[in-house]
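I opened a new page in the notebook today and went through one model from the whole down to single residues. Here is what I looked up, in the order I looked.

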Amino acid sequence: HMPTAELQAIDAAHHMHPFSTNEDLAKEGVRVITRAKGVYLTDSEGEEILDAMAGLWCVNIGYGRDELAEVAARQMRELPYYNTFFKTTHVPALALANKLAELAPGDLNHVFFAGGGSEANDTNIRMVRTYWAEKGKPEKNVIISRHNAYHGSTVGSASLGGMAGMHAQGGIPIPNIHHINQPNWWAEGGDMTPEEFGLARARELEEAILELGEDRVAAFIAEPVQGAGGVIVAPDTYWPEIQRICDKYEILLIADEVICGFGRTGNWFGSQTVGIRPHIMTIAKGLSSGYAPIGGSIVCDEVAGVIGNCEFNHGYTYSGHPVAAAVALENLRILEEEKVIDHVRNVAAPYLKEKWEALVDHPLVGEARIVGMMGSIALTPEKETRAKFASEPGTIGLITRERCFANNLVMRHVGDRMIISPPLIITRDEIDEMFVRIRKSLDEAHAEILR
Ligand code: PLP
């Protein structure tokens, strides 16, 4: 019940924000979010903000579902905590593992739980290296990832990621991580057709394997649709070629489904949308719709079998946390019983796509990409030549994001691209309202740039 200014002052004095500078935070003062319902946040001033990012790409079922609160309270009373180390288990963890094995494609039948996506990707690094060591090939320990990828913020997962700004700090990457380029045709395709470019970028994986030595490469990790890197939708030729290369050289394929999973791309998993058969899927975010911190790795029979035969010296205090697991299970029940993924496919995604792609008529917008409920637009001063702005990359994106925020709309910018990833339950009317705010913000940003 404190006035906003006091809350902001306390925040500024004591709270360290991820990926922020004090100068940026101080500029207009942070907004204090107090409540949320459906696709709307409310701040301490009573303003209603349309959250077109579903938090950090995670609140798939929307905010304010009492069922999850009730399940959490019940679980806290019954068994607030127990671990899954050694020879104990509990019903929420085993029931959630069982449900995930049912939902996941192919023989992805085993789940190793973590507290979120970063921890899960750290698990994956150690798991794939341990797998090959147990198979008598300890030298098969290089993991190939992609530039500009985001796989988390722990030392291991940030090493897998390919964000230059992250690699510049804190002594990462760890050894034996290698990065290839992402399939961003609009920005980097030059004279190639998208199909040619998709193949060329996929073949960088083969080139890297041959250069490093095929007996040294353990795994390739990628998101089916790269999210924080800018919603990079690969040309159609890309993923079949990646799958062919992984098969040919016996490389484990890790699909990071932290954003793409649980309906975001119009299927349960992004791997199904792009047609790949991963050995491991990283999950988090939409697993609990962000209501509780939980993530994990869904692992195929072969890898889980080998790992289960050795003592895998790895695990987290909160692996399979009972409250988080119960909440995740309830979230999956809602996604399933309320047919949220059908809503995405039949209602929300087609309507969103139509409106999103129409944004290219705006003078600032060069390209609009969208898969399911994740989309991005490229801002450009000249669409015909796909030109970049003369300003420092990201300047125009930041201006646009701030115009959105001032218009009570959360959108994210990655460089000079703008991104949306709204809750999957968004209605057509809410999409209409979102586009009123998007267009107003783009107009204002355009006017500000021209000034
Ligand atoms: N992988 C991907 C693709 C992500 O987008 C993220 C977070 O944004 C992570 C991993 C890390 O997950 P977490 O923040 O839960 O540790």
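The entries below go from the overall fold to the ligand shell.

**Before starting.** I am working with a predicted model, where local features need pLDDT of at least 70, side-chain atom pairs count only at pLDDT 80 or more, and totals for chains, interfaces and linings use all residues. My residue numbers run from 1 along each chain as its sequence is written.

**Overall fold.** I counted 17 helices and 15 strands in the protein; helices (H or I, at least four residues) and strands (E, at least two) are DSSP runs, numbered from the N terminus. The radius of gyration, taken over C-alpha atoms, is 22 Å, close to the 22 Å that the globule rule (2.2 Å times the number of residues to the power 0.38) gives for 451 residues, so the protein is as compact as a globular protein of that length. Along the principal axes, I noted a C-alpha trace of about 65 × 60 × 45 Å.

I then checked burial, and 49% of the 451 residues are buried. Here buried means 20 or more other C-beta atoms within 10 Å of a residue's own, exposed means 12 or fewer, and partly exposed is in between, with C-beta atoms placed from the backbone. Of the contacts with a separation of 6 or more, 71% join residues 24 or more positions apart; a contact is two C-beta atoms, placed from the backbone, within 7 Å.

**Domains.** I read off domain 1 (31-61 + 339-450) and domain 2 (67-337), with bounds that come from an automatic or database domain assignment. Their C-alpha centres lie 26 Å apart. Where they meet, 27 residues of domain 1 are in contact with 24 residues of domain 2. On the domain 1 side, α15 (340-357) gives the largest share, 5 residues. By class, that side has 15 nonpolar, 7 polar and 5 charged residues. For these classes, Ala, Val, Leu, Ile, Met, Phe, Trp, Tyr, Cys and Pro count as nonpolar, Asp, Glu, Lys and Arg as charged, and the others, Gly among them, as polar.

**Core.** Which residues have the most contacts inside the largest nonpolar core? I found Ile143, Val327 and Ala328, in a core of 130 residues. Such a core is a set of buried Ala, Val, Leu, Ile, Met, Phe, Trp, Tyr and Cys residues joined through C-beta atoms within 7 Å. Helix α14 (residues 322-337) gives the most to this core, with 9 residues.

A cis peptide bond joins Ile172 and Pro173, with omega about 10°. Pro173 sits in the loop between α8 (164-167) and β6 (177-180).

I also looked at two non-glycine residues with positive phi: Phe19 at about 50° and Trp57 at about 60°. Is each one buried or exposed? Phe19, in the loop between α1 (4-14) and α2 (22-28), counts as exposed because it has 8 C-beta neighbours inside 10 Å. Trp57, in helix α3, counts as buried because it has 25.

**Ligand shell.** Last, I found 16 residues around the ligand, the closest being Gly116, Gly117, Ser118, Gly152 and Val258; a residue is near if its C-beta atom, placed from the backbone, lies within 6 Å. Helix α6 (residues 117-134) gives the largest share, 3 residues. The shell has 6 nonpolar, 8 polar and 2 charged residues.
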